[in-house]
Amino acid sequence: MQRFKNKTALITGGTNGMGFATAQQFINDGGKVIITGRSEESVHNALKKLGEQASGIVSDAGSMKNLMNLRLEVRKYTESIDVLFANAGYGKFFPIENVDENHFDELFNMLVKGPFFTVQQMLPLMRKGSSVIFNTSVATEIAMPNFSVYSAAKSAVQSFIKTFAVELTERGIRVNGISPGHIKTNIFNNTGLNAEQIEDAVHGIIPTIPFKRQGEPTEIANAVLFLASEEASYIHGAELKVDAGISVIR
Ligand SMILES: NC(=O)c1ccc[n+]([C@@H]2O[C@H](COP(=O)([O-])OP(=O)(O)OC[C@H]3O[C@@H](n4cnc5c(N)ncnc54)[C@H](OP(=O)(O)O)[C@@H]3O)[C@@H](O)[C@H]2O)c1
C-alpha cells in the first residue's frame with residue numbers, strides 16, 4: 001500500500017518501541033518520517049534501520065528548550081507535516097510515599113508538557129487534512145499500584161484529545177489518540193528495575209491480559225496508521241483502545 005505517498009510524519013520517540021514500529025510502517029506505506037529521541041546514538045541507530053526516507057532529531061520531550069527549538073529543527077527537513085504522533089516517553093513507577101517532586105516533574109514535563117508543546121509548536125507546519133495522534137495508556141482506565149503519577153500524566157494527555165480536537169476542527173486538523181495496553185517495548189528500561197525484575201513484572205502482568213500475551217509494537221503502529229489515514233477521515237476526538245480488551249474485560 002502507498003497510503004502515505006508524499007506525506008511526512010513527525011514521530012516523537014521514534015527510536016524504539018511503538019514509535020519506531022510506526023515509523024517503519026509509515027515508510028513501508030509510502031511516506032517519509034522525522035523521528036526524535038534523546039541521544040545522538042539512539043537516533044543514529046534507528047535511522048540506519050529506517051533508511052533514507054527517515055530523518056532524525058535529538059530532542060528531549062521533557063525539555064522546554066528542546067521543545068521550543070523543535071519547529072526550527074523540523075524545518076530543516078520539511079516545510080509541512082501531515083501526521084504528528086506525540087509518543088515520546090517512558091514509565092517510572094513508585095508507591096505514593098516514595099514520590100518526590102523530581103519524580104513528579106520528570107513525568108509531567110515529559111508526558112504532559114512534552115506532547116502539549118510539541119503539538120503547539122508544530123501547528124504552524126500543519127495544514128488542512130493533517131492529523132495529530134496522542135499516545136495515552138491503559139493506565140488511565142485501570143488503577144495499578146505505583147502508577148499514581150504516570151496515570152495522572154496520561155489522563156492529562158487523554159483530555160488533550162478532546163480539547164485539541166475542538167480547537168483544531170476549524171483548521172481541518174483531526175485529533176485522536178491511541179490507548180495501548182501492555183506492549184512489548186523498552187517501557188520498563190527507565191524504571192531502575194534490572195532485567196530479571198522486569199521479566200518478573202511482565203510475568204505477573206500476562207495472566208491479567210485477556211489474550212494472555214503482550215501486544216507487539218506493530219499492533220500499535222497499525223492503529224496509529226489507521227487513525228492517520230484517509231480511512232479515518234470521519235474520526236475526530238476519539239481514543240482507540242489497543243489493549244486486548246483489558247480495560248473492559250474483568
Ligand atoms: N509499552 C507499554 O506497555 C505502554 C503502554 C501504554 C503507553 N505506553 C506509552 O507508549 C509510548 C512509547 O513507549 P514504548 O512503550 O514504545 O517504549 P520504548 O520502547 O522505551 O520507546 C520509547 C521511545 O520514546 C523515546 N523517549 C523516551 N523518553 C523521551 C524523551 N524524554 N524525549 C524524547 N524521546 C523520548 C525513546 O527514545 P530514546 O531512548 O532514544 O530517547 C524511544 O524512542 C510512551 O509514551 C509510553 O508511556 C507504553
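This report describes helix packing, nonpolar cores and selected loop residues in a predicted model.

## Packing of α3 against α4

Two packed helices are described by the angle between their axes and the distance between the axes. For helix α3, residues 64-74, and helix α4, residues 101-122, the axes come within 9 Å and cross at roughly 30°. Because angles under 35 degrees count as roughly parallel, α3 is described as roughly parallel to α4. The crossing in which α3 passes α4 is right-handed.

On the α3 side, the contact is formed by M64, L67, M68, L70, R71 and V74, which meet K113, G114, F117, T118, Q120, Q121 and M122 of α4. Sorted by class, the residues of this contact between α3 and α4 comprise seven nonpolar, four polar and two charged.

## Packing of α4 against α5

Helix α4 also packs with helix α5, residues 148-168, at an angle of about 15°, and the two axes are 9 Å apart. The two helices, α4 and α5, are therefore roughly parallel to each other, and their crossing is right-handed.

From α4, the residues H103, F104, L107, F108, L111, V112, P115, F116 and V119 take part, and they meet V149, Y150, A152, A153, K154, A156, V157, F160 and F164 in α5. The residues of this contact of α4 with α5 divide into 16 nonpolar, one polar and one charged.

## Packing of α1 against α2

The axes of α1 and helix α2, residues 40-50, are 11 Å apart, and the helices pack at an angle of about 30°. It follows that α1 and α2 are roughly parallel to each other, with α1 passing α2 in a right-handed crossing. In this pair, F20, A23, Q24 and I27 of α1 meet A46, K49 and L50 of α2, and by class the contact of α1 with α2 has five nonpolar residues, one polar and one charged.

In soluble globular proteins, nonpolar side chains tend to be buried together. In this model the largest nonpolar core holds 43 residues, of which L10, V74, I81, M122 and F134 touch the most other members. At least two residues of this core are supplied by each of α3, β4 (81-86), α4, β5 (126-135), α5 and α6 (195-205), and the largest share, 10 residues, comes from α5.

V74 illustrates how residues separated in sequence are brought into contact: leaving aside its neighbours within four places in sequence, V74 is in contact with L10, I34, I57, I81, M122 and L125. A second, separate core has 25 residues, including L50, A223, L225 and V242. L50 is also one of the α2 residues that α1 meets.

D29 is placed in the loop between α1 (17-28) and β2 (32-37), and D29 is buried, with a relative accessible area of 5%. Not counting residues up to four places away in sequence, D29 touches M1, Q2, R3, F4, K5 and L225, and L225 is itself a member of the second core. D29 and L107, by comparison, are 78 residues apart in sequence and 33 Å apart in space, C-alpha to C-alpha.

R75 lies in the loop between α3 and β4 and is partly exposed, with a relative accessible area of 44%. Although R75 and M122 are 47 residues apart in sequence, the distance between their C-alpha atoms is 9.9 Å.

Q214 is found in the loop between α6 and α7 (217-228). Q214 is buried, its relative accessible area being 13%, and, when residues up to four places away in sequence are not counted, Q214 touches H182, I183, K184, V202 and I209.

Most residues other than glycine have a negative phi. K212 is not a glycine, yet K212 has a positive phi of about 55°, and K212, like Q214, is found in the loop between α6 and α7.

A244 is likewise a residue other than glycine with a positive phi, here near 60°. A244 lies in the segment after β7 (239-242) and is partly exposed, with a relative accessible area of 23%.

Terms used. Residues numbered from 1 in each chain as written. Predicted model: local features only at pLDDT ≥ 70, side-chain atom pairs only at ≥ 80, totals over all residues. Heavy atoms only, no water. Axes fitted to C-alpha atoms, helices over the stretch in contact; angles between N-to-C directions. Helix = DSSP H or I, 4+ residues; strand = E, 2+ residues; numbered from the N terminus. Parallel < 35°, antiparallel > 145°, perpendicular 65-115°, else oblique. Left-handed = near helix turned anticlockwise from the far one by under 90°. Contact = heavy atoms within 4.5 Å. Nonpolar A, V, L, I, M, F, W, Y, C, P; charged D, E, K, R; others polar. Core = buried A, V, L, I, M, F, W, Y, C linked by side-chain atoms within 4.5 Å. Buried < 20%, exposed > 50% of the residue type's maximum accessible area, 1.4 Å probe, protein only.
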